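Please look through the sequence and the model shown below before reading on. The report that follows takes up helix packing, the nonpolar core and a few loop residues in turn.

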Amino acid sequence: GLAWFLSLPATELPEDFGGHGVNVQTIQAQHFGEREDNWPIVNSERWVGLQRWACGLGFAWKTPTGLTVPDPTATLRDVIPEVFANENRLSAVDFLKAIAKAVPVLDGGTYRKFVQDNLAQDQSLGPPKRLSQALTDALRRLERSSEIRLEERDDAHARHDATGRPFTHVSVGN
């Protein structure tokens, strides 16, 4: 459920499990089909639990109106030392592989791949070869706070964030 939730763009955040407006049931039916046994979050109790744990574990936060916003910034901040180990700079590809291994609910991770594999045929979790909005926003927050630096270097394989902005390397701090 968390891997799916972290893939949602800010324009599609559910207000509640069911009911009027944007809700978990409607989005899941669109992404996975009408069969509820194929959904990551099958009832309102699990939705409430996911929201609580996502916030508590550093994957989301709540707005004053009660909307839960996917934001893995705190979690990434915790795994940055592990991801870089003894390195100061990693290629974007290696950095994202290490992030996916350390946090498997994020882009490229085992749980995220499982969610993608179970989507309805005509659905996707965003444009191919681009990061999710939640991961993009988290990386930009860490960059603004000078905890990491996203670089674009010549003659290197680039990855693209959700906006299409390329980066080829990630380094620690300034």
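Is the crossing of helix 4 and helix 5 left-handed or right-handed?

## Basis of the report

This is a predicted model, in which local features need pLDDT of at least 70 and side-chain atom pairs count only at pLDDT 80 or more, while totals for chains, interfaces and linings use all residues. Residues are numbered from 1 along each chain as its sequence is written, and side-chain values use heavy atoms, with hydrogens and water left out.

## Helix 4 against helix 5

The crossing of helix 4 and helix 5 is right-handed, a term used when the near helix is turned clockwise from the far one by less than a right angle, anticlockwise being left-handed. Helices here are DSSP runs of H or I with at least four residues, and strands are runs of E with at least two, both numbered from the N terminus. Helix 4 covers residues 73-84 and helix 5 covers residues 92-102, and the two pack at an angle of about 120° with their axes 10 Å apart. Axes are lines fitted to C-alpha atoms, for helices over the stretch in contact, and the angles run from 0 to 180 degrees between N-to-C directions. Helix 4 is therefore oblique to helix 5, given that angles under 35 degrees count as roughly parallel, over 145 as roughly antiparallel, 65 to 115 as roughly perpendicular and the rest as oblique.

On the side of helix 4 the contact (heavy atoms within 4.5 Å) is made by Leu76, Val79, Ile80, Glu82, Val83 and Phe84, and on the side of helix 5 by Phe95, Ala98, Ile99 and Ala102. By class, this contact has nine nonpolar, no polar and one charged residues, where Ala, Val, Leu, Ile, Met, Phe, Trp, Tyr, Cys and Pro count as nonpolar, Asp, Glu, Lys and Arg as charged, and the others, Gly among them, as polar.

## Helix 4 against helix 7

Helix 4 also packs with helix 7, at an angle of about 60° and with the axes 9 Å apart, which means that helix 4 is oblique to helix 7. The crossing of helix 4 and helix 7 is right-handed. Thr73, Leu76 and Arg77 of helix 4 meet Leu135, Ala138, Leu139, Arg141 and Leu142 of helix 7, and the residues of this contact divide into five nonpolar, one polar and two charged.

## The nonpolar core

A nonpolar core is a set of buried Ala, Val, Leu, Ile, Met, Phe, Trp, Tyr and Cys residues joined through side-chain atoms within 4.5 Å. The largest one has 45 residues, of which Trp4, Leu76, Phe95 and Leu139 touch the most other members. Among the elements that give two or more residues to this core are helix 1 (2-6), helix 7 (133-144) and strand 4 (148-151).

Apart from residues up to four places away in sequence, Trp4 touches Val24, Ile27, Gln28, His31, Phe32, Pro40, Ile41 and Val115.

## Two loop residues with positive phi

Most residues other than glycine have a negative phi. Ala85, although not a glycine, has a positive phi of about 50°, and its place is in the loop between helix 4 and strand 3 (89-91). At 57% relative accessibility Ala85 counts as exposed, since buried means under 20% relative accessible area, exposed over 50% and partly exposed in between, with a 1.4 Å probe and protein chains only.

Ser146, likewise not a glycine, has a positive phi of about 60°. Ser146 is found in the loop between helix 7 and strand 4 and is partly exposed, with a relative accessible area of 32%.
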